[in-house]
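This briefing covers packing and backbone geometry in one protein model. Please view the sequence and structure below alongside the points that follow.

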Amino acid sequence: MNFEEKAQSWLKSTKLSSSAREQIKDLKIDPLAFEDAFYKDLEFGTGGLRGLMGIGSNRINEYTIAMATQGFANYLKEVFPNEKVKVVIAHDSRNNAGLYTRVTAEVFSANDIFVYLFKELRPTPTLSFAIRALKCHGGVVLTASHNPKEYNGYKAYWNDGAQLIPPHDEKVISYVKSINTIDEIKFDKKSELIKYLDDTIDMQYIDMITSLSLNTPQKNKTSNLNIVFSPIHGTGVTLVPLALERFGFENITVVTEQSQPNGDFPTVIYPNPEEAEALEIALKTGKNINADLVLATDPDADRVGIAAKNTNQEFELLSGNQTAVLLIYYLLKKWKENKQLKGKEYILKSIVTTDLISAIATHFKVDCFDTLTGFKYIAEKIRKLENTHTFIGGGEESYGYLIGDHVRDKDAVMSCAMIAELTAWAKEQNKTLFDLLIDIWMKFGLYQEGLISITKKGKSGAQEIERIMKTLRTTPPTILNNLFITDIIDYSNLKHLKTKSKKIISLDSPESNVLQFITENGSKISIRPSGTEPKIKIYFSVHSSLKSRSELKERKDKLNSQISKLSTSLIKHFQIT
C-alpha cells in the first residue's frame, strides 16, 4: 500500500489515541513530511529499531514500539512454549524513553510475559547483566545509543544477555513484520506481571565489576589519580562514579554541566564520545583541575571516550583502537604476572579493529579471534567457547570494550574503572598512557588506523552504495598506491582469495556485506556499508617498525600519508570502474 493508504489504516484502528490522530492530521499539512512518515514501515533490523521520533509507520513512536514488542513476544512464546517467559526492560535518558518503556512493559504483560522493570534509567550493560542474573528469556533497552537527540530506538536481547544473532534475529524480524496493523497488538496490561527492580541488581553488577580489578583498591589509591567524568547527559552518572570509587579512586569530578540526564543533550551537538566536540567541556574541566584522566560515556553508557596527558603533559584524545590496545596489554600483562594464564585464554576483536591487539596476544601466547563488526558477534563467540575457554577481554575500534563474560555487550561502566586502573598503574611507573603506547609500539610495531565515511542519502544513495560494493567485488583493484593486492577477503561469500596463487580459503564466519583488501606490505583496507546510517565506511590499517621515540612523528606522518594515498587510489578505482 502507498503512504496515504498506510496512514488511513492507522486512522481506522480503534486503538489509536485521539492525540495520535491529531498528529497525523497535522502532518498532512506538509505533503513531503507526511509521505516520509508513512511511505514504509520502520525496519526492525538485526539489532532492533532505530529512527526519528514522531508519528507514522516510518518513525519511532509508541505504536511502532508496541508492534516490535508484540512480534518479539510472539516469538519468545513460540521458542519457550512450556515455560514462564520472563524479560527485563531498561531505558536511557532520551526523550519519550519513559513512555516507550511503559508501552513495552504493558504489551509484554498483556501477552502473559513476566516483566522486570528498572525504575529509573540504567546503562545498557546493566540490562545485559540483569538478563543473566534474573535468568530471563530476553530483554529490551530503549535507546538510540549515540545518535542525535531526535532519535530513539529499541534493542532486543536474548537469554544470554547478548543482542539477537542468527537464527533468532531473522526470525524475530519476520515475526515483527507479520504484525500488519495496530489492532493486532495486545495493549491490555496485566499489572501483576510487572515487577519494578530495587537496587539489588545494581549492587550485584557493581560487585562483579569490582571483582575484575587486577589491583587492590589500596594499590590504586597510591596513585592519587585525579579523574574527570562526563556522562554527557546520559545513564553513566548512575553507576560509573560508584564503580570508580569501588576500585579505590576518590578524586572524581563529575562534569556539572553534563551531569543531569537530559534527552535534549543541550551542551553537545551529538552525544557521541567518539567526537572531540562532545568532550570539550570535560576537557576544560580536566585542564582547570589538572586531572590525570578524562572519561566520557554515551547516553546508554556502552561506549567510552577518553583523554589523557601526552608526553608534553597536554590532554590528547585517544582513538578507540588506542584505548583497546592499552586495555588488552594491561589485562594480559597483569594476568601473566598473576600466573593466571593457563593456555585456554583468549581475546576478541572485530575485523576492522587494529591488528596490534593480535600481535600483543601472540606475544603473551593467548589466542586472538576476529569477529564481524557488531558486539553481538563478540558475544556469540563467548557463548560458543564459554565451557572450554576463558575470555579475558575484547573490544571494537568504535569505543566499545568488555572485560570478562558476565556481560554480553560492550560496557563503558567497567571500562571506565579498568581504564582508570591502568592509568594509575602507568602513573606509578611515572608514565602517561601515551608513554605506555610508545612502549607498546616500540615492542610490537607502530600501527596507524584511519576511517573515511562516504554519506549517500536516500534511495539513490542506497543504490550508489550497492553499486560501489558490486564494483569492488566484480572488478577489484589489483594495485593500490603502487602496492599489489595479495589477499581479497569477501565476507558475503565467505571466501579468502590469495591473488598470486589463486588459492581460495573458506571463512568460518557468518555472512556479511564486508570486503577486505590486503596489500603486499601488510596494509589492510576494509569496506562495509553502515548498519545504522546512509554511509559506506572504509577502514585503513597500516604499520611499520618504531626503533626510537625520536622517530615517532616521522613514522606517523609517513603512515598517515600511506592512508591518504590508499584512500585516493581506492576511491578513484570505484568511481571510474
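**Loop residues, a buried helix and nonpolar cores**

Lysine 339 is found in the loop that runs between α12 (320-337) and β12 (345-350). The model is predicted.

**Backbone geometry**

- Most residues other than glycine have a negative phi, and most peptide bonds are trans.
- Lysine 339, although not a glycine, has a positive phi of about 55°.
- The relative accessibility of lysine 339 is 65%, and the cut-off for exposed is over 50%, so lysine 339 counts as exposed.
- Phenylalanine 265 also has a positive phi, near 45°, and is a residue other than glycine.
- The loop between β8 (251-254) and α11 (280-288) holds phenylalanine 265.
- Buried means under 20% relative accessible area; because phenylalanine 265 has 2% relative accessibility, it counts as buried.
- A cis peptide bond, with omega near 5°, leads from proline 166 to proline 167.
- Proline 167 has its place in the loop between β5 and α7 (168-177).

**Helix α5**

- Helix α5 (residues 97-110) has 14 residues, which at 1.5 Å a residue should span 20 Å. The expected span is 1.5 Å times one less than the number of residues. The end C-alpha atoms of α5 are 20 Å apart, in agreement with that expectation.
- Eleven of the 14 residues of α5 are buried, so the helix is largely enclosed by the rest of the structure.
- The buried residues of α5 include Ala97, Tyr100, Thr101, Val103 and Thr104, as well as Glu106, Phe108 and Ala110.
- Among the elements covering these buried residues are helix α4 (62-79) and the strands β2 (86-91), β3 (114-118), β4 (138-142), β5 (151-158) and β6 (194-197).

**Nonpolar cores**

- The largest nonpolar core has 113 residues, and within it Val88 and Leu295 touch the most other members.
- Helix α15 (residues 412-428) supplies the largest share of this core, eleven residues.
- A second, separate core has 31 residues, including Ala105, Val140, Ile173 and Tyr175. Ala105 is also one of the buried residues of α5.
- Leaving aside residues up to four places away in sequence, leucine 295 touches Ile227, Val228, Phe229, Ser230, Leu244, Val304, Gly305, Ile306, Cys416 and Ile419.

Technical notes:
Residues numbered from 1 in each chain as written. Predicted model: local features only at pLDDT ≥ 70, side-chain atom pairs only at ≥ 80, totals over all residues. Heavy atoms only, no water. Core = buried A, V, L, I, M, F, W, Y, C linked by side-chain atoms within 4.5 Å. Buried < 20%, exposed > 50% of the residue type's maximum accessible area, 1.4 Å probe, protein only. Helix = DSSP H or I, 4+ residues; strand = E, 2+ residues; numbered from the N terminus. Contact = heavy atoms within 4.5 Å.
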